[in-house]
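Let's take a walk through this structure together, one piece at a time. Keep the model open beside the text and follow along.

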Amino acid sequence: MAAPSICSQWSRYGSGWLRAMRGCWVPRLRSSWPAGSLGARLLSQEKRATETHFGFETVAEDEKGGKVYHVFESVAKRYDVMNDMMSLGIHRVWKDLLLREMRPLPGTQLLDVAGGTGLAWVLGDAEELPFDDDKFDVYTIAFGIRNVTHIDRALQEAHRVLKPGGRFLCLEFSQVNNPLLSRIYDLYSFQVIPVLGEVIAGDWKSYQYLVESIRRFPSQEEFKEMIEDAGFQKVTYESLTSGIVAIHSGFKL
Ligand SMILES: C[S@@+](CC[C@H](N)C(=O)[O-])C[C@H]1O[C@@H](n2cnc3c(N)ncnc32)[C@H](O)[C@@H]1O
């Protein structure tokens, strides 16, 4: 993974996170693509029929992982400062709320997928986790699942690696539920964020992808159904900041 600082907020901003997690075992999963092997390329003609979205672009499914990889490789250096600028620091509050919801206890086995730096690291793909079944008490993923090519597969993997009774928690951008705020948010997203990306990080395109990928992500209710389809029960969600983000929760029972 060529972008080690991309996910550093949890540890950098979060002495709170580290305090909360003392006594918990926390491997953090970083992504391990692009997987552009010769075999994959030979198969690609067949697979080309299967397409997906990359922001507002339509791309072959087997190309998406590599494109997402380049986005995060490109934004890595200025990732923290960009998050602070774009959200006016509110992303820290959202993450604190996720932790409060989790209430980890000493000894909790936590897997933070698409995570930050500083703790035990494992390189892998959310769609194919390198862990045994029934291993973790809690699975978290913050602003990560939106980038995965097959969200349903990532959810099934989350379900597989959780112990019976284990909890899935996801913090992700969602659908704004106030029409006026929604218009302002759209204007801000499409007119301001790519400009900030260009000025601060020298990267318009990655931030254009960011805002487009948010619009492609399912609504709170649709994502709740997907989580249920993966086998989770007692699935709930809480919209934060009028739905700019939502925390989804489900249990493997
Ligand atoms: C927006 S960052 C989120 C980082 C951190 N969780 C946070 O809240 O700030 C998204 C992360 O997801 C990772 N990612 C994207 N697709 C992935 C996949 N299929 N498997 C594992 N990680 C993935 C990216 O490499 C990137 O580090």
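Let's start at His159, which counts as partly exposed because 19 C-beta neighbours lie inside 10 Å. The scale behind that word is simple: with C-beta atoms placed from the backbone, a residue is buried if 20 or more other C-beta atoms lie within 10 Å of its own, exposed if 12 or fewer, and partly exposed in between. Before going on, keep in mind that this is a predicted model, where local features need pLDDT of at least 70, side-chain atom pairs count only at pLDDT 80 or more, and totals for chains, interfaces and linings use all residues. Residues are numbered from 1 along each chain as its sequence is written.

His159 sits in helix H7. Helices (H or I, at least four residues) and strands (E, at least two) are DSSP runs, numbered from the N terminus. What does His159 touch, not counting residues up to four places away in sequence? The list is Ala230, Gly231, Phe232 and Lys252, where contact means that the C-beta atoms of two residues, placed from the backbone, lie within 7 Å. His159 and Ala230 are 71 residues apart along the chain, yet 6.9 Å separates their C-alpha atoms.

E8 and E9 run antiparallel and are joined by 6 bridges, and Tyr237 stands opposite His248 in E9.

Next, look for the largest nonpolar core, which has 38 residues; Tyr139, Phe168 and Leu171 touch the most other members. Such a core is a set of buried Ala, Val, Leu, Ile, Met, Phe, Trp, Tyr and Cys residues joined through C-beta atoms within 7 Å. Two or more residues come from each of H6, E4, E6, helix H7 (151-161), E7, helix H10 (220-229) and strand E9 (245-251). There is also a second, separate core of 13 residues, which includes Tyr69, Val75, Met86 and Leu210. In soluble globular proteins, nonpolar side chains tend to be buried together.

Leu210 leads us to helix H9 (residues 204-216), where Ser206, Tyr207, Tyr209, Leu210, Val211 and Ile214 are buried. The buried residues of H9 pack against strand E2 (51-54), helix H4 (61-75), strand E7 (162-173) and helix H8 (179-201).

E7 also holds Lys163, which is partly exposed because it has 14 C-beta neighbours inside 10 Å. Lys163 touches Asp134, Lys135, Phe136 and Asp137, leaving out residues up to four places away in sequence.

Asp134 is worth a stop of its own. Although not a glycine, Asp134 has a positive phi of about 55 degrees. Most residues other than glycine have a negative phi. Asp134 belongs to the loop between strand E5 (120-123) and strand E6 (136-142), and counts as partly exposed because 13 C-beta neighbours lie inside 10 Å. Arg103 also has a positive phi, of about 45 degrees, without being a glycine. Look for Arg103 in the loop between helix H6 (90-102) and strand E4 (110-113); Arg103 is exposed, because 10 other C-beta atoms lie within 10 Å.

Terms used. Pairing = 2+ DSSP bridges.
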